[in-house]
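Work through the exercises below with the structure in view. Try each task before reading its solution.

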Amino acid sequence: MASKIFSVDGMSCDHCVQTIQKAVKKLSGIREVVVTLDKKEVRVDFDESETDLEAISGKITDAGFEVVG
């Protein structure tokens, strides 16, 4: 099990939070997605044998947000 915190630009409301959570949870191997709107962070706990950082970052980007850093 791995955990990663992504810094994400473009989040401004609870709908953004829900959009990111739904998008990332569609990936296989995702255990938990915690979006912190005020910090503009997304913490993802995932199984490295089922998905990777690139796939997670891609889902966030595909949902209309920018992963920074």
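**Exercise 1.** Locate Thr-51 and decide whether Thr-51 is buried or exposed.

*Solution.* Start with the chain: Thr-51 sits in the loop that links strand E3 (41-46) to helix H2 (53-62). Helices (H or I, at least four residues) and strands (E, at least two) are DSSP runs, numbered from the N terminus. Next, take the accessibility: Thr-51 has 9% relative accessibility, so Thr-51 counts as buried (under 20% relative accessible area; exposed is over 50%, partly exposed in between; 1.4 Å probe, protein chains only). Last, list the contacts (heavy atoms within 4.5 Å). Leaving out residues up to four places away in sequence, Thr-51 touches Leu-27, Ser-28, Ile-30, Phe-46 and Ile-56.

This is a predicted model: local features need pLDDT of at least 70, side-chain atom pairs count only at pLDDT 80 or more, and totals for chains, interfaces and linings use all residues. Residues are numbered from 1 along each chain as its sequence is written, and side-chain values use heavy atoms, with hydrogens and water left out.

**Exercise 2.** Work out the strand order of the sheet and find its edges.

*Solution.* The four strands form an open sheet in the order E2-E3-E1-E4, with antiparallel pairing (two strands pair if DSSP finds at least two bridges between them). Strand E2 (30-36) and strand E4 (66-68) each have a single partner strand, so one side of each lacks a neighbour in the sheet. Now look inside: six bridges join E1 (residues 2-9) to E3. Lys-4 stands opposite Val-44 in E3.

**Exercise 3.** Find what lies under the charged end of Lys-4.

*Solution.* The ring of Phe-6 does, with its centre 5.8 Å from that charged end (NZ of Lys or CZ of Arg within 6 Å of the ring centre and within 35 degrees of the ring normal).
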